[in-house]
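Colleague: I would like to learn how to read charged contacts and metal sites in a model. Could we go through some cases in turn?

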Amino acid sequence: MSIQIITQAKAELSQSEVFILSKKDKLANLGFTKTEIDYIQKKEKAGENYVLLNQLNKLSFIQFNDTWAKKSNAAVLEECRILGHKVCIALNAHQYNSVFLNAKIELPHSIALAEGIALSNYQFLKYKSDKKNAHSLQKIALHNEAKTKKEVAELQILVNAVYHARTWVNEPQSYLDAVVFAKEIKLLAIKSGLKCEVLNKKQIEALKMGGLLAVNKGSKTPPTFSILEHKPKNAKNKKPLVLVGKGVVYDTGGLSLKPTPNSMDTMKCDMAGAAAVVAAISAISLAKLPYHVIALVPSTDNRPGENAYTPGDVVTMYDGQTVEVLNTDAEGRMLLGDALAYAKKYQPSLVLDFATLTGAAAAAIGSFGTVCMGTADEKTKNQLKVSGENTHERLVEFPFWDDYAKLIHSDLADMKNIGGPVGGAITAGKFLEKFTDYPWMHFDIAGPAFLNSADQYRGKHGTGVGVRLIFDFVKQLSK
Ligand code: BES
Ligand code: ZN
Ligand code: ZN
């Protein structure tokens, strides 16, 4: 169940309310009693920027914004989302079901605030018999204005998309195998007005997608390859943007088995890239952004079944290049290589791939951002980084020198599927580059895709990272 984000004329009686004020603002006309005003002023004098007022039948939240003038727009938006997180926690702790964002809050701030509240309210309770911890909050109301209504409708679409991505990541592979995932992708695509085709194992074999088929060899579940398209008549671009997502529904490492516990426990998250691109394209379609976008999702699990691909194997990929497999745990690049080569047929203006690809990316920057690299031009890279700041899904670009390509040289085949001890995220990127002939960026989300402990509105477990970044980027492009 998603949260409802709506507009209304004013706060209802006994509806909790959020205010963003300057310390210079008068508190007199905001509906507070004399005692309440005294309390707020006391807190304010004590140097506090945030006051929570428990009025017995509702809560009021007062955030002072006097320090915001010195901050960047992006930093202020992030403060609003974090305020939203605090608001969400308090409302649920007090069992309230709705909140009004005061009409005086500037639109970008109220949208970011609502976004923070809505994203914080996400829960995955499907496997809990006892739903007693289900959040009470169901409704966020903003002030009724024409331009607010449009933004609210778009935010609702985006929040629903992030919820979808998170839920897919949180679903264990005991439910979400490659076939079920493809079915769910198709269902969401249809609901979102997208064109969708799911290739089955026979079709994947006919196309000779050797990388995807090699990874799938140890599995009892067939692979899938989903193709989604949003092609509006008023598209701003002549050549499409193609999104590619790693859809490994579970990564045991294959015969190069990951050790348990720790490294295997959370590997249901290895389809987070796929979840992000599908959720993003669904939001792009529902929001009717005038931009031609295609999404490709190769999907399988990676297992050490009796016919599993082995270290030492040579695999012929979709485009005919050969790969010497030296570690079956470097499986993501095998299926992404096929998908990136397949993307050539669309003559894309740009390709973006999202993948929980390497522990090295996670080790380098943790969960605080996404590692990226690629061959897109500087302007595109800058637009992506701006979207990263706008959404606080921050990007760190890694060097992409050709020296790193030498590290995946194979004496036996065209390349090997692992590099050496250094630059693991980059050698993985260099491997992928060999399957591209168009402007392209690779996003390694291994760090931020899945959190073991809660981080503000990003929550615990699946974060849905990538969805808001892609949506913001396409929104900027379609302006
Ligand atoms: N799915 C993993 C990467 C990963 C690690 C995702 C941690 C999320 C959190 C990927 O398939 C993998 O196993 N990569 C190997 C590559 C190595 C064998 C070259 C890695 O990073 O260890
Ligand atoms: Zn792996
Ligand atoms: Zn993996």
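Modeller: Side chains of opposite charge can pair when their charged atoms come close. In this predicted model, the side chains of Glu229 and Lys195 form a salt bridge, with N and O 3.5 Å apart.

Colleague: Where do Glu229 and Lys195 lie, and how far apart in sequence are the parts they tie together?

Modeller: Glu229 is in strand β8 (residues 224–230) and Lys195 in strand β7 (residues 195–199), so the pair links parts that are 34 residues apart in sequence.

Colleague: Is Glu229 buried or exposed? And Lys195?

Modeller: Glu229 counts as buried because its relative accessibility is 17%, and the cut-off for buried is under 20%. Lys195 has 59% relative accessibility and so counts as exposed; the cut-off there is over 50%.

Colleague: What lies between those two classes?

Modeller: Partly exposed residues do. Take the salt bridge between Glu79 and Lys71, where N to O is 2.3 Å. Glu79 is partly exposed because its relative accessibility is 26%, and Lys71, at 35%, is also partly exposed.

Colleague: Which pair ties together parts that are 353 residues apart in sequence?

Modeller: The side chains of Arg468 and Glu115 do so, meeting in a salt bridge at 2.9 Å, N to O. Arg468 belongs to helix α14 (residues 467–477) and Glu115 to helix α3 (residues 107–120), so parts 353 residues apart in sequence are tied together. Both residues are buried.

Colleague: Which residues do salt bridges that share partners join into one network?

Modeller: That network consists of Glu78, Arg81, Glu115, Glu393, Asp455, Arg458 and Arg468. The whole structure has 23 salt bridges.

Colleague: Now the metal. Which protein donors does the zinc ion (ligand 3) have?

Modeller: They are Lys246 (NZ), Asp251 (OD), Asp270 (OD) and Glu331 (OE), at 1.9 to 2.4 Å from the zinc ion (ligand 3). Their spacing in sequence is K-x4-D-x18-D-x60-E.

Colleague: Why is the arrangement around the zinc ion (ligand 3) octahedral?

Modeller: Its six donor atoms subtend angles of 78 to 172°, which makes the arrangement octahedral. For six donors, that class needs opposite donors over 155 degrees apart and all others between 65 and 115.

Colleague: Which residue coordinates both the zinc ion (ligand 3) and the zinc ion (ligand 2)?

Modeller: Asp251 does, and the two ions are 3.2 Å apart. Asp251 lies in strand β10 (residues 247–251), while Glu331 is in the loop between β13 (322–324) and α9 (332–343), so this pair ties together parts 80 residues apart in sequence. Asp251 and Glu331 are both buried.

Key: Residues are numbered from 1 along each chain as its sequence is written. Chains are lettered from A and ligands numbered from 1 in the order in which they are written. This is a predicted model: local features need pLDDT of at least 70, side-chain atom pairs count only at pLDDT 80 or more; totals for chains, interfaces and linings use all residues. Side-chain values use heavy atoms; hydrogens and water are left out. A salt bridge is a side-chain nitrogen of Lys or Arg within 4 Å of a carboxyl oxygen of Asp or Glu. Buried means under 20% relative accessible area, exposed over 50%, partly exposed in between (1.4 Å probe, protein chains only). Helices (H or I, at least four residues) and strands (E, at least two) are DSSP runs, numbered from the N terminus. Donors are N, O and S atoms within 2.8 Å of the metal (3.2 Å for Na, K and Ca); water is not among the atoms, so sites may look incomplete. Four donors count as tetrahedral if all angles lie between 85 and 135 degrees; four count as square planar and six as octahedral if opposite donors are over 155 degrees apart and all others between 65 and 115; anything else is irregular.
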